[in-house]
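Thanks for coming. I will take one structure this morning and go through it piece by piece. Please look at the screen.

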Amino acid sequence: MSNERLLKVLLAPHVSEKSALLADASEQYVFKVVPDATKPEVKQAVETLFDVQVQSVNMINIKGKTKVFKGRAGKRNGVRKAIVRLVPGQEIDFVGAE
């Protein structure tokens, strides 16, 4: 895979209470990824960008909600997330990033 593709696979870390609990308890981190990302691409992108060893990757597709605003129906965009489990003893520090 090209370096350019690896830089585009990860969009952002997903910050929520549940993802913070996962990071503290079991060395799992949640990222928003592009819709066509695969597990090997996500694994290689995390390993190269953060210099850590990845144990496993789980992918989740979340469908967009249908909402009504002022009587008009609309649909929000869906999102694809990757839950990355690191090898024990390693961590990613988003706050202290330089």
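Where is Glu27 found? Glu27 sits in the loop between H2 and S2. Those labels are DSSP runs numbered from the N terminus, helices being H or I over at least four residues and strands being E over at least two.

Before going on, a word on the source. This is a predicted model, in which local features need pLDDT of at least 70 and side-chain atom pairs count only at pLDDT 80 or more, while totals for chains, interfaces and linings use all residues. Residues are numbered from 1 along each chain as its sequence is written, and side-chain values use heavy atoms, with hydrogens and water left out.

Back to Glu27. Its phi is positive, about 55 degrees, although Glu27 is not a glycine. Glu27 is partly exposed, at a relative accessible area of 27%. On that scale, buried means under 20% relative accessible area, exposed means over 50%, and partly exposed is in between, with a 1.4 Å probe and protein chains only.

Is Gln28 buried or exposed? Gln28 counts as buried, because its relative accessibility is 11%. Not counting residues up to four places away in sequence, Gln28 touches Ser19, Leu22, Ala23, Ile83, Val84 and Arg85. Touching, or contact, means heavy atoms within 4.5 Å.

Now the sheet. Four strands form an open sheet in the order S1-S2-S6-S3, with antiparallel pairing. Two strands pair if DSSP finds at least two bridges between them. Strand S1 (10-13) and strand S3 (54-62) are at the edges with a single partner strand each, so one side of each has no neighbour in the sheet. On average, neighbouring strands here are turned by 30 degrees against each other, direction ignored. For such angles, axes are lines fitted to C-alpha atoms, for helices over the stretch in contact, and the angles run from 0 to 180 degrees between N-to-C directions.

Inside the sheet, S2 (residues 28-33) and S6 (residues 79-86) pair in the antiparallel sense over six bridges. Phe31 has Ala82 in S6 as its bridge partner. Two helices pack on the sheet. Helix H2 (residues 17-26) touches S2 and S6, and its direction makes about 140 degrees with that of S2. Helix H3 (residues 39-50) touches S1, S2, S3 and S6, and its direction makes about 125 degrees with that of S3.

Let me stay with H3. Its expected span, taken as 1.5 Å times one less than its number of residues, can be checked. The 12 residues of H3 should span 16 Å, and the end C-alpha atoms are 16 Å apart, which agrees. Which residues of H3 are buried? They are Glu41, Val42, Ala45 and Val46. Seen down the axis of H3, these buried residues fall within an arc of 125 degrees, so they line one face of the helix. The arc is that of the directions from the helix axis to the C-beta atoms. What covers the buried residues includes H1, S1, S2, S3 and S6.

Gln44 is also in H3, but Gln44 is partly exposed, with a relative accessible area of 30%. Leaving aside neighbours within four places in sequence, Gln44 is in contact with Met1 and Leu6. Gln44 and Met1 are 43 residues apart in sequence and 8.9 Å apart in space, C-alpha to C-alpha. Just after H3, Asp51 takes a positive phi of about 55 degrees.

Next, the core. A nonpolar core is a set of buried Ala, Val, Leu, Ile, Met, Phe, Trp, Tyr and Cys residues joined through side-chain atoms within 4.5 Å. The largest one has 19 residues, and Phe31, Val42, Val46 and Val84 have the most contacts inside it. Helix H1 (3-9), S2, H3, S3 and S6 each supply at least two residues of this core. Setting aside residues up to four places away in sequence, Val42 touches Val9, Leu10, Val33, Ala37, Val57, Met59, Ala82 and Val84.

Lys70, in the loop between strand S4 (66-69) and S5, has a positive phi near 55 degrees and is not a glycine. Lys70 is exposed, at 73% relative accessible area. Ala73 lies in strand S5 (residues 72-75) and is exposed as well, at 69%. Ala73 and Leu6 are 36 Å apart in space, C-alpha to C-alpha, and 67 residues apart in sequence.
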